[in-house]
Amino acid sequence: MARSPEVHLTVVRFIGHDDHAHQRWQFMIDEDLMRRLRSEMSGGTNINYIEKKVRDGSDTSSTIKSMVGDLDLIMVGRSSHGTDSEALSGLSEWTDLPELGPIGDLLASEDTTCPVSVLVVQQQIRKESPKIAWKFW
């Protein structure tokens, strides 16, 4: 999508004010990925990267709701590790569709007044397949 000049892509990253978040391994992996993404996006006039500092899930929710009217498609990452992020705190308590994750559920709720397409993605965690021994007689 980012390489098509007809498409305007906005990447929004929500960061909680959690002082200890910078010590977590997942945060370091995310930070490296976002650094590479920003580097690849530099020079693109149709790509915008925004980092939003949020206090909690309520702050994240209001920020997302304020952006929905300007977007046609929202692609949301869903974590299989749970929602221990400060930016998502409290959102899981009100979830009607847990399979969408807290942000996907927020966007799919009846409270969202602007129509928007939502794509929820989750990285597949591969389980080691059992070794099958084949015997040929």
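A: Of the 137 residues in the chain, 25% are buried (buried is under 20% relative accessible area, exposed over 50%, partly exposed in between, with a 1.4 Å probe and protein chains only). The model is predicted: local features need pLDDT of at least 70, side-chain atom pairs count only at pLDDT 80 or more, and totals for chains, interfaces and linings use all residues. Residues are numbered from 1 along each chain as its sequence is written, and side-chain values use heavy atoms, with hydrogens and water left out.

The chain runs β-α-β-α-β-α-β, where helices (H or I, at least four residues) and strands (E, at least two) are DSSP runs numbered from the N terminus. Five salt bridges are present, each a side-chain nitrogen of Lys or Arg within 4 Å of a carboxyl oxygen of Asp or Glu.

One of them joins R13 and E31 at 2.9 Å, N to O. This pair links distant parts of the chain, 18 residues apart: R13 is in strand β1 (residues 9-16) and E31 in helix α1 (residues 25-41). R13 is buried at 10% relative accessible area, whereas E31, at 29%, is partly exposed.

R13 also meets E51, at 3.7 Å, N to O. Because E51 lies in strand β2 (residues 47-54) and R13 in β1, this bridge ties together parts 38 residues apart in sequence. E51 is partly exposed, at 39%.

Another bridge pairs D59 with R55 at 3.7 Å, N to O. Here D59 is buried at 15% and R55 exposed at 55%. Shared partners join R13, E31 and E51 into one network of salt bridges.
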